[in-house]
Amino acid sequence: MTNTSPLAEELALPCGASLPNRLAKSAMTEGLADKYDRPTPELIRLYETWSRGGTGLHITGNVLVDPRYLERAGNVVLEDDSALDLFKEWAERGQVGGNQLWVQLNHPGRQCPKMVNREPLSPSDIQLELMGNFGKPRAMTEDDIQEVIQRFANSAALVKEAGFNGVQVHAAHGYLLSQFLSPKINQRTDKWGGSLENRARLLREIVSAVRESVGPDYPIGVKLNSADFQKGGFSLEDSEQVATWLGEASIDLLEISGGTYEQLSLIGVEPTEVRESTRKREAYFIEYAERIREAAKIPLMVTGGFRSRDVMENSVKKKEIDVVGLARPLCTQVNASRDLIEGNIEKLDDFEHQLVLGKGFWGNNSSSNLIKAINGFGQIGFYYWQIIRLGAGLPPQPAPKTFRHFVRHITNDAKLNIRRKFR
Ligand SMILES: Cc1cc2nc3c(=O)[nH]c(=O)nc-3n(C[C@H](O)[C@H](O)[C@H](O)COP(=O)(O)O)c2cc1C
């Protein structure tokens, strides 16, 4: 029997490669590296498990281009070929199901915890004020900027050499490239700041250096915010223009998300201006994506909030988007993509709505900062716990115990930091 779901259709990418279907696992940081930031058997097992679940494209959690600046301890770093055999095994076993496996490359900029580095880098010296977890950044020099460009290009070449099928540059969620794009955080007066053209220069130079290092036939994706949802931040109009430039640079897949650590719209904490019509449509960034689609003539993936099969199928059928991005549901339902494509399920898990202590979750009516922190870390801890279990070869354990996951998360994070500090 042929499968008639639009989600089952192949997608040809501009570089000549193709995705076997329209479902993608979006990046989720795993925290499963060893104390030398290398892939572990647990990380590789996790991807083998996911690979067998029917998702056409898997994008790894962020892999860092510089060991001095991590998004969290437990990140994998790829800066030279010293552990390339481990990366080769990861690439091979993560493709056993016939899917594509791409590596997301990232530099955290100022969103690098103090436990990793007390003086992170950023376009300007504007500190991220979030419970004292982040140091005051040093404004990058011209040499720092050139080094970052080189690091992305070098890591991308290693990704290809290891046997992964593509690379995604992380320019969303308030990390370094998103900091450069934001007029609020980037207050430089040289050619890397000011106008949008200047703020987007670093991203564009990185994309072009990565293209040079991987060649014309290799998939390159970019994850971009539709907006930061912050006053004076990166706006939808900015995003449309950047998407146009990325289209001209012939990238292969543009993934749309949104928000930063300060505005967690990436996991559905609503920006004030979210429209009722968007809320009804489930996927947080779909309306923004429609506008960006007009601007950029490249395959578009949208991530954030997709939970119902009919919403996913309609978005693809109506050509609003090309690829549906899924993250959290795949932590508790590793075979969700196959089940969606075969029509076995209508709705995916959404435990996030159950992981709430007190009333609002990071919303206006949350009772206190402590409750907000417990809810935030409890929710993220729930998903990290599923990832840890899958890496250990165990089934998911989706008990929505917010406080327990909060405690487990901070304990595990402290352990990862201490292990790395005293290696
Ligand atoms: C545990 C966890 C880790 C994440 N790590 C990353 C990451 O490394 N890189 C990234 O671009 N997004 C990351 N995200 C965001 C997801 O890719 C995705 O944009 C978000 O979860 C919304 O999609 P969903 O509603 O399908 O979960 C992470 C999200 C979660 C829950």
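1. His170 stands opposite Lys223 in strand E11 (220-225). The two strands here, E10 (166-171) and E11, run parallel and are joined by five bridges; strands count as paired if DSSP finds at least two bridges between them. Strands (E, at least two residues) and helices (H or I, at least four) are DSSP runs numbered from the N terminus. Keep in mind that this is a predicted model: local features need pLDDT of at least 70, side-chain atom pairs count only at pLDDT 80 or more, and totals for chains, interfaces and linings use all residues. Residues are numbered from 1 along each chain as its sequence is written.

2. Staying with E10, strand E7 (residues 100-106) is also joined to E10, by four bridges, and the two run parallel. Trp102 has Gly166 of E10 as its bridge partner. Six of the six residues of E10 are buried, so the strand is largely enclosed by the rest of the structure. Buried means that 20 or more other C-beta atoms lie within 10 Å of the residue's own; exposed means 12 or fewer, partly exposed is in between, and C-beta atoms are placed from the backbone. Gly166, Gln168 and His170 point one way from E10, while Val167, Val169 and Ala171 point the other way.

3. Next, helix H6 (residues 201-214). Its 14 residues reach 20 Å from first C-alpha to last, close to the 20 Å expected at 1.5 Å a residue; the expected span is 1.5 Å times one less than the number of residues. Leu202, Leu203, Ile206, Val207, Val210 and Val214 are buried in H6. Seen down the axis of H6, these buried residues fall within an arc of 135°, so they line one face of the helix. That arc is taken over the directions from the helix axis to the C-beta atoms. Just after H6, Gly215 takes a positive phi of about 85°.

4. What do the buried residues of H6 pack against? Their partners are helix H3 (142-162), E10, helix H4 (176-181), E11 and helix H7 (236-248). Contact here means C-beta atoms, placed from the backbone, within 7 Å.

5. Just after H3, Gly163 takes a positive phi of about 105°.

6. Phe180 has its place in H4. With 28 C-beta neighbours inside 10 Å, Phe180 counts as buried. Leaving aside neighbours within four places in sequence, Phe180 is in contact with Pro123, Asn186, Trp192, Arg199, Leu202 and Leu203; Leu202 and Leu203 are among the buried residues of H6.

7. On the core: the largest nonpolar core has 113 residues, and those with the most contacts inside it are Val210, Leu254 and Val324. A nonpolar core is a set of buried Ala, Val, Leu, Ile, Met, Phe, Trp, Tyr and Cys residues joined through C-beta atoms within 7 Å. H3 gives the most to this core, with eight residues. The core draws at least three residues from each of domain 1 (6-348) and domain 2 (350-423). As for Leu254, not counting residues up to four places away in sequence, it touches Val222, Leu224, Ala243, Leu246, Ala296, Ile298, Leu300 and Met301.

8. About those domains: their bounds come from an automatic or database domain assignment. The C-alpha centres of domain 1 and domain 2 lie 22 Å apart, and 26 residues of domain 1 are in contact with 23 residues of domain 2. On the domain 1 side, helix H1 (41-51) and helix H11 (329-332) are the elements that give two or more residues. The largest share of that side, five residues, comes from H1.

9. Last point, Glu30. Glu30 is found in the loop between strand E3 (23-25) and H1. Leaving aside neighbours within four places in sequence, Glu30 is in contact with Leu43, Leu46, Gly61 and Ile387.

Terms used:
Two residues are in contact if their C-beta atoms, placed from the backbone, lie within 7 Å.
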